[in-house]
Structures are given as C-alpha cells and as structure tokens.
Amino acid sequence: MPHDKPRLLIIEDDEGLQAQLKWAYEDFAVTVVGDRDSAIAALRAEEPEVVTLDLGLPPDPDGTSEGFAVLDEIMALKPDTKVIVASGHGARESALKAIERGAYDFYQKPVDIDALGLIVRRAHALRTIEAENRRLAAKVGEDKTVLGTLITAAPEMAKVARTIERVANTNVSVMLLGASGTGKELLARGLHEASDRRGGAFVALNCAAIPETLLEAELFGHEKGAFTGAVRTNEGKIELAHGGTLFLDEVGDIPLPLQVKLLRFLQERTIERIGGRKPIAVDTRIVCATHQDLEAMIAAGTFREDLFYRLAEIVVKVPTLAERPGDAVLLAKAFLARFAREMNPSVKGFAPDALAAIDAWRWPGNVRELENRVKRAVIMADGKLVGAADLDLETGADEEVGEVLNLKSAREKADRTVIRHALARSEGNISNSAKLLGISRPTLYDLLKQYDLQA
C-alpha cells in the first residue's frame, strides 16, 4: 500500500547527527542508515523520493570515494530520486562533481537543519511535479488512437503503435522485428493508413513464399519477351506500390544477388524491369518485416549489412502475445464475435474455463494461433459458450517465471499483470474485476490509483 508520507532516506554515519536528522522531518517517513550496503538496501526497499547523502562514509569517512560510489549506485537504480549531497571535503570540487554525476543539490557541512530541510522540501516538490508530468504524458499517449484496427490494452503494444504513428508521415524505411504471428502486417497496414501515402496502394509480398527464380520478376517486373512465357509486360510490386507502401514480409529470405538490386533501388529510387533497358523512377516507401536474426545473418554472410541499414532506418520490435498481459482475452473476444457472426450465430461467448485457459496459455503461435483456435472452436462448439475443450487448451497451462531479484518490484509487477488480466476478462467492469480478484471494489480502486491503471 502507498505511504501516507513522502519517503526520505538519510545516509549519514555520525550517530549524533543521525538522531538530530531523524526527528527533524515530521512531514516525511524517515529512514536513517550509516553505510553503503544499508543505503542501497533501504533504497530498494523504501524507494524514497528524496535522499540526503554524506559523502564521508566508512570505510572512507575522511574522503569522498565511498559517498560518490553510493551516489552512482542510486543514479543507476533510481535515476528519478532527488539526492542532496552534503560534505565538508573540498566543498566546491565535490559540489561540481556531485551535480555532474546526477545529484539534485549540494550542501556544505556543518549542517544547518532548517536550511537543509528547506532544500529537502523543495526537492520533494520538484520530484512530485516531475512524476505527475510523466503520468500525464503517459496518459496522453494512452488516450491516442492506437492505429484504429489494433486491439490492445497492453502498454507494450501501445508503445509500438505510438512509435509507428510517430514515423508514419516520414519517408524513412521501417523494419518490424518479431516472432511469426505477432501482427507485423497489420502494423504495416496501420503505418500506411496513418501516413500521407494512404491514398496510394498498399502492396504486400511474402518473400519466403515466392521461389527464388520468380522473386526478381515479382519485385521488379519484366518486359514482354524477357524470358520464355513473358507474353506481356508486367509491372513488379515495387512499381505497383508507386505513391504508396510496399510491405516486404520475411525480407531475410531474399537471396544475395537480389539484395544487391534492391539496395540499388533504395539508393537511386529507380528500377529496371527484367529485359528492360531504361530506368523507371518509382516513389515507393518500403516497410519490411522478419522473424529472423538479421545481425546473425550478416555475420554469416547471408544478408548484406548495407542493405540492412537501408531497410532498418527505424526498427520496431513487436512483442509476442505472451508479453502483452490481458490482450489474449481481448483479442479472443473480438475474434469470437466476428466468427460467430459469420459462421455460428448461436455462440455467444466464452465459458470461464476457456477464459482461464486463454490467459494461462503461452501462445507460441501468437495472434495467428489464437485466431485459428477461436475460429475452429466457434465452428465446432455445440452450446452457446466456447469452453477450454473447444479451444483444445489445458486449463492448468504452465507459465514461465522470470528471475526477479527485487521482491517489491516483483510483487508490483505481479499485481499489475493480474489486475490487467481481470480487467480484460470483465471488459473493464470494476465490480466483476473485483470479484475475480477476490477483493472489494474500494480496494481495487485503491490499487488502480496506486499503479496508475485505467479500467
């Protein structure tokens, strides 16, 4: 639960000064420690908004090395913490060095508690304003339309969508990296629709689905008579997407000789059809995707490094469905509504065991697997509700557990994840979410406020 008072951590090895400082700040929840290890432990446990730090700590009480080491660790672990450094050793040099390394302010000893208290309160006020600004900025981002057709409540996916919206009206090449079935083509279409090229064509080509011998003709087109069977002139995909966007899926499967020709197009923005002799100027934006490790392919010599940097001016990493808490249920409900309308209107929703199974499954095939399972279940369902058996999912699916060393952070992460799952299952209904979680509505409201979550 949140603290009633703001948290202040005092790092001071002088026991007399410790006692004075501990009782000097009635408006704060004060923790006092006297060495480096205790300071870092308290930082992790209490997550204070403000820290006062004496640079002269053991085992170097007459110097500043230990104090600066503590400052560096605080800035690495909690960079938004306001640290006020106090020292009597080489005050000017220490002050400049402390500010340079991230401290909020510097105070020269001997300590005037009233003056230091003023600095502490000012630091906390600034920390509060900064936190509110970050919260409001994040909320503005969340309130934006997420590419229209994209269904998500996960911040991880919303961040991807905002990135795509931000670069949509530029002409940079975008590379989408992610596992198969994560929705890379949907994101590419969303990018096209959000751009000023939306009036042009969106052309998609799966490079892995075309034989190598035909891929060049598919991309660049051919003139009549260029080869046996070329009875007429054909425009390639690059040319067909003139004024619009060409989406190259599985770009890692393009053979090396063709990579050279694609690189030339990206550099010169002209193409030559197979059998042609004159360059054709083409205004086509390239968006590509792959699930392969292109950097490993570059090292192995199977993908050109210069082409990679031409295609990957902006790289967007698309999270797996397992990395998007709550989204599996939201997507499953959307798929069920669509497939029921088209194929089996008697199906009205999911049984509780189906929702639990959807939440627990790791979805190795991502959104594509989810869509296929829901489609099959809707077709095969006998009753009004789709059950876990219809989805062919086990209700007790195991979940991988990542190693988290900070217990407080792990608990907060777990709380956020479970609350988001409950909200997704109950479609944002607070009463139903509270029942699923086994808590009261006021408690859920408190948790939503504490974790800055929206129903």
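Which residues in the largest nonpolar core touch the most other members? Keep in mind that this is a predicted model. The core has 31 residues, and the ones with the most contacts to other members are Leu219, Ile238, Leu248, Phe265 and Leu311. Several elements supply two or more residues each: strands E7, E10 (245–249) and E13, along with helices H8 (212–220), H10 (256–268), H11 (294–300) and H12 (305–311). H10 gives the largest share, five residues.

Take Leu219 as an example. Leaving out residues up to four places away in sequence, Leu219 touches Leu205, Gly236, Lys237, Ile238, Leu246, Leu248 and Leu258. There is also a second, separate core of 27 residues, with Val329, Ala354, Trp363 and Ala377 among them. As background, nonpolar side chains in soluble globular proteins tend to be buried together.

Now the sheet. Five strands make an open sheet, ordered E7-E10-E13-E6-E14, with parallel pairing. Strands E7 (202–206) and E14 (314–317) are at the edges and have a single partner strand each, so one side of each has no neighbour in the sheet. On average, neighbouring strands are turned by 20 degrees against each other, direction ignored.

Last, which helix lies across E6, E13 and E14? That is H6, residues 155–167, which runs at about 160 degrees to E14.

Note on methods. Residues are numbered from 1 along each chain as its sequence is written. This is a predicted model: local features need pLDDT of at least 70, side-chain atom pairs count only at pLDDT 80 or more; totals for chains, interfaces and linings use all residues. Side-chain values use heavy atoms; hydrogens and water are left out. Two strands pair if DSSP finds at least two bridges between them. Helices (H or I, at least four residues) and strands (E, at least two) are DSSP runs, numbered from the N terminus. Axes are lines fitted to C-alpha atoms, for helices over the stretch in contact, and angles run from 0 to 180 degrees between N-to-C directions. Contact means heavy atoms within 4.5 Å. A nonpolar core is a set of buried Ala, Val, Leu, Ile, Met, Phe, Trp, Tyr and Cys residues joined through side-chain atoms within 4.5 Å. Buried means under 20% relative accessible area, exposed over 50%, partly exposed in between (1.4 Å probe, protein chains only).
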